[in-house]
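The sequence and structure come first.

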Amino acid sequence: MITRSELPLRVINSSPEAVAKAKARARRSFRQIRTENVFKRTLMIAGLLMIVLVLGICLTLAWQSRLSISALGPKYLWSKVWDPVQDIYGAWPFLLGTLLTSFLALIISIPFSISIAIFLGEYHPKGWLPNFLKNAVELIAAVPSVIYGFWGLAVLVPIVRSFESSIGVQPVGVGIFSSSLILAVMIIPYAASLGRSMISLVPSHLKEAAYGLGATRWEVIRSVVLPYTKSGLFAGILLSLGRALGETMAVTMVIGNTSLIPKSIFAPGNTMASVIANEFTEADKPVYLSALIELGLVLFLVTVVINLIGKKIIDRFTND
Amino acid sequence: MDGKNIKLRLGKSYGFQWLIYILAFACLLPLLAILFYIVRAGITKINWHFLVNIPKPVGESGGGIANALVGSIIIILSASVIAVPIGIMAGVYLSENRRSKLAYWVRLCTDILQGVPSIVVGIVAYFWLVRPWDLGPIHHKGGFSALSGSAALAMMMLPIIIRSTEETLKLLPDSLKEAALALGMPFHRVIFKVIVPVGISGILSGVMLSIARITGETAPLLFTAFGNPYLSVNIGKPMQSLPLLIFNYATSPYTDWLNLAWGASLVLLLWVLFLNIFTKVITRKWKVQL
């Protein structure tokens with residue numbers, strides 16, 4: 001940074017007009033430098049705002065849940081009863097509900113998303129049909145989650161209900177299973193698009209070497225492409241898991257919303273996100289509200305950790 | 001023996017190829033089912049009357065979604081007004097300071113922000129922008145405002161805009177900036193007159209993408225914009241939006257309200273599809289990498 005005293009104000013022609021002109025010129029440059037510094041600082045503040053936002057989210061959640069953290073302690077997470085009327089708060093039904101729906105959705109969606117990734121990355125990287133598939137998969141991610149929920153409620157739930165009565169469990173329709181099906185559809189695009197870009201990064205000389213040894217197409221995929229991309233595919237699956245954990249609206253609409261521990265995957269339940277969505281504006285006691293916020297804090301921390309691990313794996317994979 | 005073996009291996013190869021084809025295209029079935037069902041259920045509800053009227057109370061048939069349409073547009077526009085300048089500035093900052101320690105943390109926080117569940121954004125926006133204006137003991141329906149909903153949505157737009165701005169500007173040749181600086185242009189004019197105009201296609205695509213992303217978001221609006229059965233254009237007061245209307249009416253037991261929700265779903269779906277296709281077209285036209 002240049003200070004005022006360092007600026008060359010010596011003028012050969014020392015007539016008053018020339019001095020005034022030189023001073024005006026100097027002032028103009030100062031102004032310009034100042035604007036430049038202010039501008040650079042504004043850019044930095046915009047960047048800093050991101051850090052402030054993330055810290056703010058973290059601190060707000062922690063501060064607002066202080067009541068339940070101090071009153072209920074860590075056993076809040078594995079207490080099995082949630083009964084706000086009696087002032088009993090246990091998060092276990094929601095943790096279990098979240099884990100069940102997310103992992104079930106993940107298991108259902110993995111074969112499909114990996115297939116899309118292999119199809120687009122290995123079998124047919126170019127052409128109108130793969131292009132169509134790629135755009136359609138992106139469309140799956142674009143449909144709003146509230147529409148998935150509404151469709152699930154109107155179409156999927158009756159189908160699940162008749163399926164349940166045909167296998168002899170209590171036909172409720174809404175529940176963990178229905179939400180997992182909806183979630184599975186919703187998270188396919190995330191693992192698929194990441195997997196596709198990872199698979200297209202496999203060096204062709206590796207594949208050609210395998211073909212040269214007489215491997216068939218499937219053998220190349222199984223013993224070259226998949227092992228080479230396994231960390232990338234894993235990262236894609238982690239990112240879809242992060243999505244599934246935090247998904248709110250579609251799940252809230254089809255999961256049935258009870259605070260009991262789900263007895264089977266066909267039983268109604270609640271996830272952390274859906275219980276917040278349902279009860280947040282009804283919470284009439286400070287501890288109740290703060291217990292809900294503590295759920296939000298747990299959800300936030302878990303998704304942040306999962307996303308960061310996924311991003312780290314992707315960075316390492318693409319830098320190699 | 002060998003001949004049989006190679007036949008078996010080739011057969012297995014083809015078998016798996018077909019399995020992958022089938023699984024890959026099976027994903028289109030739920031998508032088509034959803035699109036088909038929404039269009040079929042919604043198309044009969046949409047008419048001029050539906051678009052310019054507000055919902056009728058329970059028991060009266062008819063009514064429309066004008067309040068939700070107006071509310072959605074206002075909320076999204078004000079979210080963009082908040083997020084676009086900040087997002088572009090932060091993106092420029094990241095692309096100008098690639099290796100600085102602070103940029104690393106900013107980038108990390110942008111990644112974190114992108115992964116935050118939408119319901120958590122809703123909670124935080126509630127405590128920052130709704131609670132301070134709520135005078136009751138816990139919440140007494142006070143303090144909810146469209147502006148707080150916009151701020152929540154802006155928080156979800158920021159990471160997308162920042163990343164696309166950064167990625168676009170990173171691809172520009174340094175010689176462009178150096179030439180402008182060598183001509184004696186001050187830094188801020190280099191940014192405004194050279195860097196941003198050259199990268200505007202990528203930046204705009206990011207903005208469009210982020211708008212498409214937040215158009216269907218419901219969870220952040222639940223505790224902020226809150227919803228409103230009447231037409232309101234005051235951003236300091238609760239406001240209805242399309243996703244909120246769908247959520248509230250879809251879970252209600254009244255046929256009239258369900259019909260409204262189907263019509264609103266179709267409108268929302270068309271809106272989101274239009275935004276996505278529009279973004280796709282401009283990215284293809286401008287050859288932007290996102």
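## Contacts and burial in chain B

In chain B, 74% of the contacts with a separation of 6 or more are between residues 24 or more positions apart; two residues are in contact if their C-beta atoms, placed from the backbone, lie within 7 Å. Of the 290 residues of chain B, 48% count as buried. A residue is buried if 20 or more other C-beta atoms lie within 10 Å of its own, exposed if 12 or fewer, and partly exposed in between, with C-beta atoms placed from the backbone.

## Basis of the model

The model is predicted: local features need pLDDT of at least 70, side-chain atom pairs count only at pLDDT 80 or more, and totals for chains, interfaces and linings use all residues. Residues are numbered from 1 along each chain as its sequence is written, while chains are lettered from A and ligands numbered from 1 in the order in which they are written.

The scores are ipTM 0.91 and pTM 0.91. Chain B has a mean pLDDT (the predictor's confidence in each residue, from 0 to 100) of 89, and 95% of its residues reach 70 or more. Within chain B, helix H4 (residues 66-96) has the highest confidence, at a mean of 95, and helix H3 (residues 48-52) the lowest, at 87.

## Fold and dimensions of chain B

Chain B contains 12 helices and zero strands. Helices (H or I, at least four residues) and strands (E, at least two) are DSSP runs, numbered from the N terminus.

The C-alpha trace of chain B spans about 75 × 65 × 40 Å along its principal axes.

An automatic or database domain assignment divides chain B into domain 1 (2-40) and domain 2 (44-286). The C-alpha centres of these two domains of chain B are 37 Å apart.

## Interface with chain A

Between the chains, 67 residues of chain B are in contact with 69 residues of chain A. Helix H1 (residues 2-26) of chain B supplies the largest share of the chain B side, 12 residues. That side comprises 51 nonpolar, 12 polar and four charged residues. Here Ala, Val, Leu, Ile, Met, Phe, Trp, Tyr, Cys and Pro count as nonpolar, Asp, Glu, Lys and Arg as charged, and the others, Gly among them, as polar.
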